[in-house]
Amino acid sequence: MLPTLPLVLIGVADLSAAFLFMYGLKRMSSPVTAPSGILAAGIGMLVAVAASFLYIFSANDATQPFLATNVGLAIIALMIGGGVAWWSGKRVAMTAMPQMVALYNGMGGGAAGAIAAMELFGGRAQGLMPLIVTLAGALIGAVSMSGSVIAWAKLDGLLSNPWRFKGQQAVNVIAFAVTIAIGAYLTLASLGTLVPVLGITTLITIFFGCALVFGILMTMPIGGADMPVVISVFNAFTGLAVALEGFVLQKPALMVAGMVVGAAGLLLTLLMANAMNRSVSNILFTNFGPSVTQKQGDIKGSLRPTEAGDAGIAMRYAASVIIIPGYGLAVAQGQQKLYEFVKLLQSAGVLVRFAIHPVAGRMPGQMDVLLAEAGVPYDLILQLEDINDDFANTDVVMVIGANDVVNPAARTDKPSPIFGMPILNADKAKQVFVVKRGEGKGYAGIVNTLFYGENCNMVCGDAQAVLVKMIEAVRPLGRAAA
Amino acid sequence: MDSQMAISGFVALYIFMLAAFAGWVIIGRVPAILHTPLMSGANFVHGIVVVGGLYALINASSVQQQIIGFFAVLLGAGNAAGGYAVTGRMLAMFQTSAPDASPKKTARAKRHPVKKA
């Protein structure tokens, strides 16, 4: 009778957590209710973690000699892991958010993989189904962990260039096939169908090694601008791995929470891929190579550079301005200066709005977060489908640190690798200013015909430095004349 | 876990199916502006893996299990705590300039006074 009570309590706690997670995510569908949503989910997590310690009362005889150490280790691990991550999460700059999310996601994948490892090494996964599910969770979790770490290193600038070589896809396929083969061999060996050449423990270790290597190989060739998709995919992977290990441990809370995240990650991945007009497999397994670079000779016209101050004054005397921010703004940490400039325009009576492309930045919605950090009210921030028809009757568009998402080639140029991708119609505005560090090509390696248009002027320089100059030029002009 | 509640075969598939559907529907309505906090919120939710790690670690019965279980809890706790910290920070930043949110608006106007030339 005694051991059942703690288990009932744990069951109730897990159920509450699962409910609070879904309720919290539901409340995250509006900026107004979202902060209470994450709070609800956080309470669910605390309840579930606290209740887990009730497993002390249901530990079996084999565990008894280890129990005190286990509990001590659990508390230490919670404090170190939770403490360090909390500390770093509170301090990380908003511009570094994509890599932090990738890192935390990798931790989740690693945890799922470690749980699978315990089940496998402990010989607790018995029978065909549990073995397959445990191994699948282990594979997905391990791939998500090593892949996320690579994504983090790339986003953090530790690994700069996509790492590509001839026959890379073949190598990746072989790495994946070998991992699956070892998993199958391991399953048959554990079931006693065949006598393994190596020990089961060795096989499990090799299996994890191969899965980790595959995650690295898979992520290495993917470039920076495709990271929104990669992070979504690994987020979904970790969710799936957690759900599978939840089944192995017979913990429905993990199954539900993991699967909800898996589905959410899948949905976001598809949204991102749609916004690029590419399939998910195209993004993950084939990459923009040097072969798609267009010849410079195809372009008519020339670039017309202009001074930052002149561009600022042109916007000051415009009736309406739309600003298109991109990753370059995040790199330059220019979001605060941008809003300072926008407030000057607003006080001069200019209608200023922001247009965000779905794949601007290095994770979905990154630009929205940066603008929110600077204090921009979210009702001024519009998404592609809501603002795209307004460009034609807008006086000035400022493109700041964005490139491919405003390239008209996506509409007209069939051989272009970005053909068919929905773009922001910046070229339709009466006047366009493009703030850009260099005259380099965008991520896709193609020339942006917008820059050569009759209505376009280039403002060269770091986004933040350019904005400072614009503010200096516009401030003395004062507010709108009455 | 305990013998009174074994989830197996099709029951597991039903749970997975319903949870996936719920996740799809819940997330499908989130506006694009909230995609980053949503993703990190979802990232936080799969931090529930820490509970699985705790279960496995508390029931560990060898030194090897203790070591792996320690890392499972360590990583899981990092996922959960970090995910919560960044999501909360991001969501706290979203504000509106709509007229019905007048107390907020005045608060912001005080913080960012419009400079006179």
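A salt bridge is here a side-chain nitrogen of Lys or Arg within 4 Å of a carboxyl oxygen of Asp or Glu, and by that rule the count between chain B and chain A is 0. The structure is a predicted model, and the interface of the two chains is described below with that in mind.

**Confidence in chain A**

Chain A has a mean pLDDT of 87, with 94% of its residues reaching 70 or more. Over residues 289–297 of chain A, however, pLDDT stays under 50, although the model has 12 contacts beyond four places in sequence for this stretch. Where pLDDT is low, the predicted coordinates should not be read in detail.

**The interface of chain B and chain A**

In the model, 111 residues of chain A are in contact with 90 residues of chain B. About 9,200 Å² is buried between chain B and chain A, and carbon and sulfur atoms account for 77% of that area. On the chain B side, the residues that lose the most area to chain A are Met39(B), Ile58(B) and Arg89(B), which together make up 8% of what that side buries. Across the interface, 18 residue pairs are in polar contact, counting those with both residues at pLDDT 80 or more.

Four helices of chain B, H1 (9–28), H2 (35–45), H3 (49–58) and H4 (63–93), each supply at least two residues of the side that touches chain A, and H4(B) gives the most, with 28 residues. The make-up of that side by class is as follows.

| Class on the side of chain B that touches chain A | Number |
|---|---|
| Nonpolar | 54 residues |
| Polar | 31 residues |

Methods
Residues are numbered from 1 along each chain as its sequence is written. Chains are lettered from A and ligands numbered from 1 in the order in which they are written. Side-chain values use heavy atoms; hydrogens and water are left out. pLDDT is the predictor's confidence in each residue, from 0 to 100. Contact means heavy atoms within 4.5 Å. Buried area is the accessible area (1.4 Å probe) that two parts lose on being put together, summed over both. A polar contact is a pair of N or O atoms within 3.5 Å; within protein, one must be able to donate a hydrogen and the other to accept it, and residues adjacent in sequence count only if both atoms are side-chain atoms. Ala, Val, Leu, Ile, Met, Phe, Trp, Tyr, Cys and Pro count as nonpolar, Asp, Glu, Lys and Arg as charged, and the others, Gly among them, as polar.
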